[in-house]
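Keep the viewer open and try each task before reading its solution.

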Amino acid sequence: MDKIIIEGQRRLNGEVRVSGSKNAALPLMATAILANGPLTLHNMPNLIDLTTMARLLTYMGGQIEIAGGRAELNLSVLSRPEAPYELVKTMRASALVLGPLLTRHGRARVSLPGGCAIGARPIDLHLKALESMGAIINLSGGYVLARAPVGGLYGAHIHFDTVTVTGTENLMMAATLARGRTIITGAAREPEITDTALALLAMGAKISGIGTDELIIDGVDTLHSAAHTIMPDRIEAGTLIVAVALAGGKVLIQGTPNATLKAVYEKISEAGVELAINESNVMVTANGPIKSVDVTTRPYPGFPTDMQAQFMALMTIGHDVSIINETIFENRFMHISELSRLGADITLEGHAAVIKGVSRLSGAPMMATDLRASASLILAALAAGGKSEILRVYHLDRGYDRLDEKLSALGARITRIKA
Ligand code: UD1
């Protein structure tokens with residue numbers, strides 16, 4: 001596996017562009033299962049998770065072409081409504097094919113997902129909700145075996161007690177071709193769900209309440225070809241901003257989805273980083289000391305759990321004490337032991353990390369454990385004196401489009417050693 005070497009304490013300067021969103025691209029690719037013609041997606045980022053999704057859709061019999069940021073997905077004819085363990089084990093989002101397969105093909109056999117090691121991450125809520133639309137579901141040999149009732153899934157009132165992003169997406173997709181009306185309350189409101197809903201509208205779906213916690217979907221008989229441009233990745237944008245904050249410097253980040261980043265901008269500004277926000281870009285200036293700021297992760301529009309590890313990296317050099325509360329995933333703190341190797345002072349108290357800022361981090365070897373944790377280690381290494389080595393960069397490549405190249409172009413001394 002590749003590793004990344006960083007010589008820290010180089011200021012970042014210049015311009016960088018945010019790529020398309022991973023968490024929007026994944027459900028968007030799954031929507032192609034619903035259409036009776038090709039779906040074209042523009043602004044496709046280059047990520048291992050999307051390659052995995054493409055392989056999965058190809059395995060099912062779909063025709064997928066991806067080149068130069070454009071994807072064409074034709075799943076109008078499907079020979080195998082199945083997601084095997086070998087393809088699903090690395091990526092929990094594979095569960096997103098379940099709703100579309102059931103509603104369009106009446107059956108699905110999908111391996112229970114793997115993905116980041118950040119907690120139990122079950123899909124029980126997806127399954128329970130599909131059952132309320134008439135699905136008959138059995139678990140056997142690590143697989144979900146699901147069938148739609150005679151005549152297909154039917155509309156239902158689904159309430160999610162726990163806010164679930166992919167659960168909301170799965171059910172929204174299933175409802176587009178179900179008989180009658182589905183109402184989803186307690187729906188997640190993440191911008192990637194809105195992006196997916198917009199593509200479904202372009203395919204002929206009837207969805208209202210988009211962007212709210214109550215989605216109303218009236219099933220239609222068929223969905224057709226469409227084209228859609230994937231929204232920019234708000235987590236990549238946030239990660240790049242924190243990179244500048246840690247390294248110091250002045251960088252124009254282009255193509256930022258500013259309206260979706262309010263909670264992140266608020267906390268980064270409170271930490272003393274200057275953000276000049278324009279229509280679709282942000283100028284980040286970081287010179288002075290970093291202030292310690294408390295953060296609690298929440299479903300959108302709150303502070304995203306996907307930015308928690310990166311923000312913690314920033315707080316390691318804060319001037320006081322910061323408390324970071326993780327309320328979404330119980331076990332999303334694996335980066336703490338690795339950040340400590342750089343000299344960070346972090347203790348865990350239940351679901352809260354207490355970070356006492358230190359005046360200096362010093363480079364060390366570290367091991368990436370999950371996607372966002374690996375980004376946080378790279379960011380911390382940018383601030384550390386001396387050399388850091390980050391192993392298992394595979395996790396980074398799952399969800400960041402050439403992050404090391406982008407940082408290098410801004411002046412970071414960062415090299416990738418190919419396995
Ligand atoms: C999505 C994102 C991920 C982000 C997360 C939270 C994608 C592809 N991934 O993951 O990057 O970190 O939202 O914003 O969009 N839960 C259950 N049962 C279920 C489903 C969820 O107990 O059936 C729990 C989870 O364990 C977790 C919480 O609900 O504690 C939220 O998880 P969820 O929103 O479903 O996360 P994902 O959709 O997997």
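**Exercise 1. The ligand site**

Task: Find which residues are closest to the ligand, then work out which parts of this predicted model form the shell around the ligand.

Solution: 

- Start with the shell: the ligand is surrounded by 20 residues, and Arg-92, Thr-164, Thr-166, Asp-306 and Ile-328 are the closest.
- Next, look at polar side-chain atoms. An N or O atom in the side chain of Arg-92 lies 2.5 Å from a ligand oxygen atom. For the side chain of Thr-166, the distance from an N or O atom to a ligand oxygen atom is 2.6 Å. Asn-23 has a polar side-chain atom 2.9 Å from an oxygen atom of the ligand.
- Now check burial: the ligand taken alone exposes 740 Å², and the protein buries 87% of that.
- Then assign elements. Helices H1 (22-31), H5 (124-132) and H6 (165-176) each give two or more residues to the shell, and H5 gives the most, with 3 residues.
- Sort the shell by class: 9 residues are nonpolar, 6 polar and 5 charged.
- Domain 1 (3-19 + 232-417) and domain 2 (22-229) both give residues to its shell, so the ligand lies between them.

**Exercise 2. The second largest pocket**

Task: Describe the space in the second largest pocket and the residues that line this pocket.

Solution: 

- Begin with the volume, which is about 300 Å³.
- Of the 19 lining residues, Ala-245, Leu-246, Ala-247, Gly-288 and Ile-317 lie nearest the centre of the pocket.
- Helices H8 (234-247) and H12 (371-383) each give two or more residues to the lining; the largest share, 3 residues, comes from H8.
- By class, the lining has 11 nonpolar, 6 polar and 2 charged residues.

Note on methods: Residues are numbered from 1 along each chain as its sequence is written. This is a predicted model: local features need pLDDT of at least 70, side-chain atom pairs count only at pLDDT 80 or more; totals for chains, interfaces and linings use all residues. Side-chain values use heavy atoms; hydrogens and water are left out. On a 1 Å grid over the protein atoms alone, a cavity is a set of points where a 1.4 Å probe fits but cannot get out, and a pocket is an open set with protein on both sides within 12 Å along at least five of seven lines; lining residues have an atom within 4 Å of a point. Grid points are joined across faces, edges and corners, and a volume is the space filled by probe spheres set on the points. Helices (H or I, at least four residues) and strands (E, at least two) are DSSP runs, numbered from the N terminus. Ala, Val, Leu, Ile, Met, Phe, Trp, Tyr, Cys and Pro count as nonpolar, Asp, Glu, Lys and Arg as charged, and the others, Gly among them, as polar. A residue is near a molecule or strand if one of its heavy atoms lies within 4 Å of it. A polar contact is a pair of N or O atoms within 3.5 Å; within protein, one must be able to donate a hydrogen and the other to accept it, and residues adjacent in sequence count only if both atoms are side-chain atoms. Accessible areas come from the Shrake-Rupley method with a 1.4 Å probe; for residues, only the protein chains shown count as cover. Domain bounds come from an automatic or database domain assignment.
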